[in-house]
Amino acid sequence: MDLSATKDCHCLAARRRAREITRLYEEKLRPHGLRATQFSVLAALSLTGPTPLSELADLLGLERTTLTRNANRLEDEGWVADAESKDARERRLRLTAAGRQTVEDAYPAWKEAQDEVDRQIEQLETE
């Protein structure tokens with residue numbers, strides 16, 4: 001069996017590129033005390049308002065346990081809090097005033113990363 005074709009594995013290349021992109025966003029967001037996923041959670045809550053954890057996980061494409069860990073950290077920072085829910089089995093999250101300020105302060109850094117990735121994609125498309 002000749003496995004030399006695996007050198008050009010699309011899955012590996014996509015994962016490598018995803019790590020590069022994540023590093024760029026994290027570099028830009030680091031001065032704001034945020035990781036890329038944390039910014040995404042705050043931005044999503046800013047857009048959706050109070051949201052059940054399971055719905056937020058689906059929206060962000062995260063495992064519920066991963067989002068729970070992130071939410072606990074964001075709660076420790078004072079950026080999110082539990083929101084009132086009609087169903088005691090459901091955990092709803094809401095953005096706090098401090099969380100809104102944090103995401104608004106970090107937005108220009110996120111936008112820089114977003115614009116850089118856009119430029120990289122445009123460059124690839126013209127090659």
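In which sense do β1 and strand β3 pair, and over how many bridges? β1 and β3 (residues 92–95) pair in the antiparallel sense over two bridges.

## Model and conventions

This is a predicted model, in which local features need pLDDT of at least 70 and side-chain atom pairs count only at pLDDT 80 or more, while totals for chains, interfaces and linings use all residues. Residues are numbered from 1 along each chain as its sequence is written, and side-chain values use heavy atoms, with hydrogens and water left out.

## Overall layout

The chain holds five helices and three strands; helices (H or I, at least four residues) and strands (E, at least two) are DSSP runs numbered from the N terminus. Along the sequence they follow the pattern α-α-β-α-α-β-β-α. The radius of gyration is 18 Å, well over the 14 Å that the globule rule gives for 127 residues, so the chain is more spread out than a compact globule. This radius is taken over C-alpha atoms, and the rule is 2.2 Å times the number of residues to the power 0.38. Taken along the principal axes, the C-alpha atoms fill a box of roughly 55 × 35 × 20 Å.

## The sheet

The three strands form an open sheet in the order β1-β3-β2, with antiparallel pairing. β1 (51–52) and β2 (80–83) stand at the edges, each with a single partner strand, so one side of each lacks a neighbour in the sheet. Strands count as paired if DSSP finds at least two bridges between them. In β3, L93 stands opposite T51.

Two packed helices are described by the angle between their axes and the distance between the axes. Axes are lines fitted to C-alpha atoms, for helices over the stretch in contact, and angles run from 0 to 180 degrees between N-to-C directions.

Helix α1 (residues 10–29) packs on helix α5 (residues 97–126) at about 150 degrees, with the axes 8 Å apart. α1 and α5 are therefore roughly antiparallel (under 35 degrees is roughly parallel, over 145 roughly antiparallel, 65 to 115 roughly perpendicular and the rest oblique). Their crossing is right-handed; a crossing is left-handed if the near helix is turned anticlockwise from the far one by less than a right angle, and right-handed if clockwise. Among the residues that meet are R17, I21 and Y25 in α1 and W110, E116 and V117 in α5, where contact means heavy atoms within 4.5 Å. The residues of this contact divide into nine nonpolar, two polar and four charged. Ala, Val, Leu, Ile, Met, Phe, Trp, Tyr, Cys and Pro count as nonpolar, Asp, Glu, Lys and Arg as charged, and the others, Gly among them, as polar.

The axes of helix α2 (residues 36–48) and α5 come within 10 Å and cross at roughly 115 degrees, in a left-handed crossing. F39, L42, A43 and S46 of α2 take part, with α5 residues including G99, R100 and W110.

## Helices α2 and α3

α2 also packs with helix α3 (residues 53–60), at about 115 degrees and with axes 11 Å apart. α2 and α3 are therefore roughly perpendicular, and their crossing is right-handed. S40, V41, A44, L45 and T48 of α2 touch L56, L59 and L60 of α3. By class, the residues are six nonpolar, two polar and no charged.
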